Amino acid sequence: WAGAPGLLIRERYRRAAEVVKNHGKMCALIINDLDAGCGRFSDTQVTVNNQMVLGTLMNICDTPKCVSVGQDWREDDSIRRGPIII
């Protein structure tokens, strides 16, 4: 359904931040073949999921310590910043 890929990216990013916080291990979010799902090819249109994925990635770049997965917004909910490799 619409929005699921964006939610999945936010959940995985938060999970990577939890690994760093709880285990002290370095962690990164690696996204393979982003162009396969979000690329623009001839005779294709931009879908809601394309927009959600790209918007989610831009939002994480703007505010990497505040990533929501649907819970109520909390000012004290800050996570560790982690790299995203595409």
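Of the 86 residues in the chain, 26% are buried, where buried stands for a relative accessible area under 20%, exposed for over 50% and partly exposed for anything in between, with a 1.4 Å probe and protein chains only. The model is a predicted one, in which local features need pLDDT of at least 70 and side-chain atom pairs count only at pLDDT 80 or more, while totals for chains, interfaces and linings use all residues. Residues are numbered from 1 along each chain as its sequence is written, and side-chain values use heavy atoms, with hydrogens and water left out.

**The whole chain**

Begin with a cartoon of the chain, which has three helices and two strands in the order α-β-α-α-β along the sequence; helices (H or I, at least four residues) and strands (E, at least two) are DSSP runs, numbered from the N terminus. Shown as C-alpha atoms, the chain fills a box of roughly 45 × 25 × 20 Å along the principal axes. Among contacts between residues at least 6 apart in sequence, 65% join residues at least 24 apart, a contact being heavy atoms within 4.5 Å.

**Helix α1**

Select residues 4-23 next, which form helix α1. This helix of 20 residues spans 28 Å from its first C-alpha to its last, close to the 28 Å expected at 1.5 Å a residue, the expected span being 1.5 Å times one less than the number of residues. Colour Gly-6, Ile-9, Arg-10, Tyr-13, Arg-14, Ala-16, Ala-17 and Val-19, which are buried in α1, and then bring up β1 (29-30), α3 (48-62) and β2 (84-85), against which the buried residues of α1 pack. Just after the helix, Gly-24 has a positive phi of about 70°.

Move on to Arg-15 and Glu-18, whose side chains form a salt bridge at 3.6 Å, N to O, the term requiring a side-chain nitrogen of Lys or Arg within 4 Å of a carboxyl oxygen of Asp or Glu. Side chains of opposite charge can pair when their charged atoms come close. The structure holds one salt bridge, and its two partners are both in α1, three residues apart, about one turn of the helix. Arg-15 is partly exposed, since its relative accessibility is 45%, and Glu-18 is partly exposed as well, with a relative accessible area of 37%.

**Helix α3**

In helix α3, select Thr-56, which is buried because its relative accessible area is 6%. The Thr-56 side chain reaches the backbone oxygen of Met-52 at 2.7 Å, and, leaving aside residues up to four places away in sequence, Thr-56 touches Gly-6, Ile-9 and Arg-10.

**Pocket and cavity**

Which residues line the largest pocket? Select Pro-5, Leu-8, Ile-9, Arg-12, Leu-29, Ile-30, Ile-31, Asn-32, Asp-33, Leu-34 and Val-53, around a volume of about 210 Å³. On a 1 Å grid over the protein atoms alone, a pocket is an open set of points with protein on both sides within 12 Å along at least five of seven lines, a cavity is a set where a 1.4 Å probe fits but cannot get out, and lining residues have an atom within 4 Å of a point. Points are joined across faces, edges and corners, and a volume is the space filled by probe spheres set on them. The most lining residues of this pocket, four, come from α1.

The second largest cavity, of about 30 Å³, has a lining that includes Tyr-13, Ala-16, Cys-27 and Gly-82, with α1 giving the largest share, four residues.

**Last stop**

End at Met-26, in the loop between α1 and β1, which is exposed because its relative accessible area is 84%. The C-alpha atoms of Met-26 and Gly-82 are 8.6 Å apart, although 56 residues separate them along the chain.

Methods: Polar contact = N/O pair within 3.5 Å; in protein donor to acceptor, adjacent residues only side chain to side chain.
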